[in-house]
Amino acid sequence: MTNDRKDELFGHPKGLYVLFFAEMWERFSFYGMRALLVLYMTDAMKYSVQTATGVYGAYTGFVYATPLVGGMLADRFLGYRRAIMIGGALMALGHFAMAIESPFYFYGALGLIIAGNGFFKPNISTMVGTLYPDRDPRRDGAFTIFYMGINIGAWGAPLLCGYLGERIGWHWGFSVAGVGMVFGLFVFVRWQSLFGEHGLPPRPAAWREPLILGIPKMWALYLAVALFVPTAAYVVAQPGWVITGLPYIGGAFALYACFEGIRSKPGERSRVFVVLILISFSVVFWACFEQAGSSMNLFTRDHIDRNILGWEVPTSWGQSINPWFIIILGIPFSLMWTWLSRVKMSPSSPLKFAMALFQVALGFVAMVIAARQAAASPDGTAHLGWLVLAYFLHTTGELCLSPVGLSMVTKL
């Protein structure tokens, strides 16, 4: 990183703010679609709750799995920038395809978003880390700023996309999500010069080197994506297959990761296994947290009293509660970690992860109370405050785990 202060803004590289806005718009598109996804399947496509949540779970599983491949491709020959641009283009196409109310386009759109997320999500986070030299004390602050961008997009998306989708037309909500992705891609491409040499391929010529039968890696990648998208779309439409295959896929990944750790150099080996331990915490946390888009969204629709001053709040607006709390609490939490570190009382990263799991569990205690209240109520609804409390506890848990985890993985 250059030491020229002209390349910085408010003490951070200007490239950080490009990544901030690119990620903000990408998360706007992602969470705008997510807020509507299960509601669209149950209300417009007339799927049962079991089918809709199964499709949602299969889709979410793929969304979290594909970044492993996208990150490896970026590390080895694509480079982070090119991977982000490919991912953004695929996701934009997916969101616009979602606006066409047809099962064919619906599952095709999910396949495009899954593929695009695999290229985009891991590499834009990694780009943040590359802007700073090793052990730069500004790195944690940079990830906090970046995380605020994620949550500004995630907060605004359900409010706008959710309202348009539920009250005017589903295709309007999905289309606006697509526009958000286009904005994010535009910001990244337009101001990528601010990254300097960061994010370029390790070997620029590798992009055109032959891979199989003389086919350049570039065209082999395009062919692989063209085959993956319909395959992912078909598998997501069969969520039972995902449920059946998940233990085998997860076990194979765990064995592969352990193998990579064992054969690493001694200095790297311990780092790989620390990351695997953190992943095991994260699996449990995010399995609970991601109920926000499925079971908690449906519970909000059916069993939460959403009338405020005579106006019924759209169901999808509940998805904005978590990011709103993060926007409010993100900086205080960052200052708290800094102060605790200064007085040598900062909890270790594993302890922070354990704190996150405890808080997400407390959030579901609030939901249990809400469910009992709804069961006892004549109209079958519970007070909105229980939902807000659950999201508050999930948010404080997230702030103990997610930005801390992102920063620690880049350090490792």
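Reader: What kind of model is it, and how are residues numbered?
Author: It is a predicted model, where local features need pLDDT of at least 70, side-chain atom pairs count only at pLDDT 80 or more, and totals for chains, interfaces and linings use all residues. Residues are numbered from 1 along each chain as its sequence is written, and side-chain values use heavy atoms, with hydrogens and water left out.

Reader: How many cavities of 30 Å³ or more are there?
Author: One. A cavity is a set of points on a 1 Å grid, over the protein atoms alone, where a 1.4 Å probe fits but cannot get out.

Reader: How much space lies in the largest cavity?
Author: About 70 Å³. That volume is the space filled by probe spheres set on the points, which are joined across faces, edges and corners.

Reader: Which residues line the largest cavity?
Author: Among them are Tyr31, Arg34, Phe289 and Tyr391. Lining residues have an atom within 4 Å of a point. Helix H1 (14–43) and helix H11 (321–342) each give two or more residues to this lining. Helices are DSSP runs (H or I, at least four residues), numbered from the N terminus.

Reader: New topic. How many salt bridges does the whole structure have?
Author: Nine. A salt bridge is a side-chain nitrogen of Lys or Arg within 4 Å of a carboxyl oxygen of Asp or Glu.

Reader: What does Lys121 pair with?
Author: Glu23, at 2.6 Å, N to O. Glu23 sits in helix H1 and Lys121 in helix H4 (residues 103–130), 98 residues apart.

Reader: Is Glu23 buried or exposed, and why?
Author: Glu23 counts as buried because its relative accessibility is 0%. Buried means under 20% relative accessible area, exposed over 50%, and partly exposed in between (1.4 Å probe, protein chains only).

Reader: And where does Lys121 fall, at 21%?
Author: Lys121 counts as partly exposed.

Reader: Which residue does Arg263 bridge to?
Author: Glu260, with the closest N and O atoms 3.2 Å apart. Arg263 is exposed because its relative accessible area is 54%.

Reader: Last one. Which residues make the nonpolar surface patch?
Author: Leu68, Val69, Phe253, Tyr256, Phe259, Ile279, Val283 and Val284 make a patch of about 680 Å². Patch residues have over 30% relative accessible area and no salt bridge, and nonpolar side chains (Val, Leu, Ile, Met, Phe, Trp, Tyr) are joined within 5 Å. Areas come from the Shrake-Rupley method with a 1.4 Å probe.

How values were computed
1 Å grid on protein atoms, 1.4 Å probe; cavity = no way out; pocket = protein on both sides within 12 Å on 5 of 7 lines; lining within 4 Å. Patch = residues over 30% accessible without salt bridge, like charges linked within 9 Å, V, L, I, M, F, W, Y side chains within 5 Å.
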